[in-house]
Amino acid sequence: MSEKEDKEMFASGHRMCAGCGEGIAMRTILNEAGPNTIATVATGCLEVTTTAYPQTSWEIPLIHSAFENAASVASGIEVALKQMDKKGETNIMSFAGDGGTFDIGFQALSGMFERKHNVTHICLDNEAYMNTGIQRCSSTPYGASTTTSPAGKFSIGEDRPKKPLARISAAHDIPYVATATIAHIKDLKKKVRKALDADGPALVHVFAPCPTGWRHASNDSVELARLAVETGVFVLWEAEDGEICDLNITHKPKERKPVGEYLKKQRRFAHLTEEHIEKIQKEIDEKCEQYGF
Amino acid sequence: MGEQKGLTIQGNMATALGAKLCRPDVIPAYPITPSTLFPEKISEYIADGELDASMIRVESEHSAMSACIGASSIGARTCTASASQGIALMHEMLFIASGMRLPIVMAVGNRALSAPINIWADHQDTIASRDSGWLQFYAEKNQEGLDLMILAFKIAEDERVLLPAMVGIDGFVLTHTVEGVKVPAQEDVDEFLPPYEPPHGKLDPKEPMTFGSLGTPEYYQELKYDQVEAMDKSPEVIDEIFEEFEKEFGREYNRITPYKCDDAEIILLTMGSMTGTARAAVDEMREDGEKVGLAKLTVFRPFPGDLLKEIAGDAKGLAVVDRNISPGFGGAVFAESAGIFINEKKKPLMKNFIVGLGGREIFKKNFKEMYKKTKKSVEKGSVDKMVEWINMDEKVMR
């Protein structure tokens, strides 16, 4: 949003939980995109909390149709606008959660990337199927207890690592891919702008803590997003034109904090022992080495 | 009226040509036998500069219908083609297209559903989408395939209707069979079908709207009622547009077309390409003095119960021929026909015949057999077996 404009593009009064990371992300992203934007949204928390008839939080034209197809619907809009002689100045965006991006929406997303539609896809990642009640998804991190990967006598909770969505996206050789969080607002705005300005498909993967699903204090959402970056759990980077081998780390913590600081604020990790935490720390250390810090 | 050029073409080419004459803006499509020639022809038209439109070569049928929904919601005239598993895969999106009142048109090469996998003629694919809120048209021959595409756009886009429509042509029997068609002149189609402008708004940054809201229990039922009412009232619009088409292009269409039904004691009710064979069988039986007639169903949704009552209400027997089966009951056309007559004092005795599944041939002798069986029931005054499968191979059965 330019400084002169004071109209919020994401209206208040929506039904998100207190402390929802998605709300912070959406306000930032839509204000950056501005009014000349058409959006699609996948079924999920964002959709149900912002579009209950006859109200809407969206000050831009929006279409919701199903769970797995935000990117395909956006493809149709983008092509139709081009075909019908519009000037091409309208931003086309698709929004989905991690379920609607990593899992059920992945085929549609990959198709949209491959066909090179000028669409910016925003993934609001809260690391599980939160709208249906905290079920695990391929974005759920190792060790998290969810309702379908509960911690128990014979279970550590989720037992597989998080799917590297942004890297897979960059491997499509699309013009722009970035990771962002709700704690790094300037960085998020800059990345959304770059994505919208890219000549072709773009992805911004936004880390958005969920107090309800992660079981942390609702005033800790931003702090957790910051800690995720400072511990190396979530790495901030961008890649242009699929230069995945040469991705640009956009925020390098000066000194990485121990992962326990991040994990211990969330009850989804409350069952982890010091040994588990050590194992997770080791994996993060290896990952950060790969990323070069 | 311009001259109607004669062409000898396959059914898929006829529906593609029909679509082309309607000047669609966006055609998202995914290839599937037996409707693949449709997107191929559209691609050719665009590549050769004969059609100013954009294809989206999507990665699945689900995305094909999703992209149709996106394009249609900004006011583009949109169509696609599919069949069988493709329609099954987009099933979810069919309901959303109709619920959002988007006049998308789909050309279908009617084909059986797996398992076992089978690529041949069968109405199961579109019948399984019966409740999706789409208008459904079925062609007897390629000319009808071409004309019904034009009619489908016109009816679907009518403000009184605003519902998506599918046009079925039987897999291989029509899709891959060469027949003569007359092609309306472009300027006449342009006059018949003006450019589409959504009457109730579209996705436009100048006037932002939210499409596809969450419909809570306070609103859902009324919104559905509106949609269903549009379908219920559409017969009037369909009749009006069929009439306009006949005036303009000289070919008659009816929701149900009767043939030799006036004095018929027993009527065969058919849908799709089998109708030609049935007509020939009726002619032969008439020569033998049998009082038999034929009713061809062109519009399955909305179901033309009013016309069926007029045509078959006085007959003694109605043999409903279904190229589909709802396991646990019978054919869909039969179920609907029986439902139509439920409160009538005077009604024909009804039998259901399941034929032609997965491309099984349907011969004249099969229709004669259906007639005889129905006649026997009429003479007896009761039906022993309500649903019978015809042309079964005992050798294959165990």
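Trainee: How do strand 11 and strand 12 of chain B pair, parallel or antiparallel?
Mentor: Strand 11 (residues 266-271) and strand 12 of chain B pair in the parallel sense, over six bridges. Pairing needs at least two DSSP bridges. Strands are DSSP E runs of at least two residues, helices H or I runs of at least four, both numbered from the N terminus. This is a predicted model: local features need pLDDT of at least 70, side-chain atom pairs pLDDT 80 or more, while totals for chains, interfaces and linings use all residues. Residues count from 1 along each chain as written, chains are lettered from A and ligands numbered from 1 in written order, and side-chain values use heavy atoms, without hydrogens or water.

Trainee: Which residue stands opposite Gly293(B)?
Mentor: Ile267(B).

Trainee: And what joins strand 10 to strand 12 of chain B?
Mentor: Four bridges, with strand 10 (residues 256-259) running antiparallel to strand 12 of chain B. Tyr259(B) stands opposite Leu294(B) there.

Trainee: Is strand 12 of chain B buried or exposed?
Mentor: Six of its six residues are buried, meaning under 20% relative accessible area with a 1.4 Å probe, protein chains only. Val292(B), Leu294(B) and Lys296(B) point one way, and Gly293(B), Ala295(B) and Leu297(B) the other.

Trainee: New topic. What does Phe95(A) touch?
Mentor: Its contacts (heavy atoms within 4.5 Å) include Met26(A), Trp58(A) and His121(A), leaving out residues up to four places away in sequence.

Terms used:
Buried means under 20% relative accessible area, exposed over 50%, partly exposed in between (1.4 Å probe, protein chains only).
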